Every structure is written in structure tokens, then in C-alpha cells.
Amino acid sequence: MLLNQGPGTIVAVEISPAGQARFGPSLIGRVELPPGNALHLTPPSGSACLNDLRIRWSDGRSEERAREDLCQAQRVLRVTSPPP
């Protein structure tokens, strides 16, 4: 589950196998995640548990999070927009 706790709108969430910097297409497609909303993320089948995440906001900024375990049950990733 991805929870947007910041003031910005999330427009993309991309994953890469941990440490490989090979980000694929957005896991949320063309959906936008406004502030205060949450979305269940489903990694592609066959993905490893440990992945690097890249989160992109509508203003063009992005944040990367290394080695997130996407296999943990009931995991909530809380993100806020990075400072300008």
C-alpha cells in the first residue's frame, strides 16, 4: 500500500531490482495519487522482494528509496513530496 502524505500529487511509481537502476514502467499506470490518498501496489509477477522505488510527483520532482521489501504483508509506504 502506498500512502501519499504530502501536498503533491504522485504521478508514477517505478521499481527496479535492488541496486540495478533498471526502472520499469509505472506501477500505477496513468492513475494519479492525490494528497491524502492510498493505493495498493502490485509488483509484476516474478519480481524479487527487494526493490528500489522511484516515486515521481506532478511538479517533476522525484524520490528514490533503496531496498524496499515489497513482499511484507500489510506494509504501508508513507511518502511526502520532497522539499523544493
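Author: Buried means under 20% relative accessible area, exposed means over 50%, and partly exposed lies in between, computed with a 1.4 Å probe on protein chains only. This is a predicted model, in which local features need pLDDT of at least 70 and side-chain atom pairs count only at pLDDT 80 or more, while totals for chains, interfaces and linings use all residues. Residues are numbered from 1 along each chain as its sequence is written, and side-chain values use heavy atoms, with hydrogens and water left out.

Reader: Why does Arg-56 count as partly exposed?

Author: Arg-56 has a relative accessibility of 29%, which lies between the limits of 20% and 50%, and therefore Arg-56 is called partly exposed.

Reader: Why does Glu-14 count as buried?

Author: The relative accessibility of Glu-14 is 11%, which falls under 20%, so Glu-14 is called buried.

Reader: What makes the pair of Arg-56 and Glu-14 a salt bridge?

Author: A salt bridge needs a side-chain nitrogen of Lys or Arg within 4 Å of a carboxyl oxygen of Asp or Glu; the closest N and O atoms of Arg-56 and Glu-14 are 3.2 Å apart, so the pair qualifies.

Reader: Which residues do salt bridges with shared partners join into one network?

Author: The network consists of Glu-14, Arg-54, Arg-56 and Glu-64. Within it, Arg-54 forms a salt bridge with Glu-14, where the closest N and O atoms are 2.6 Å apart.
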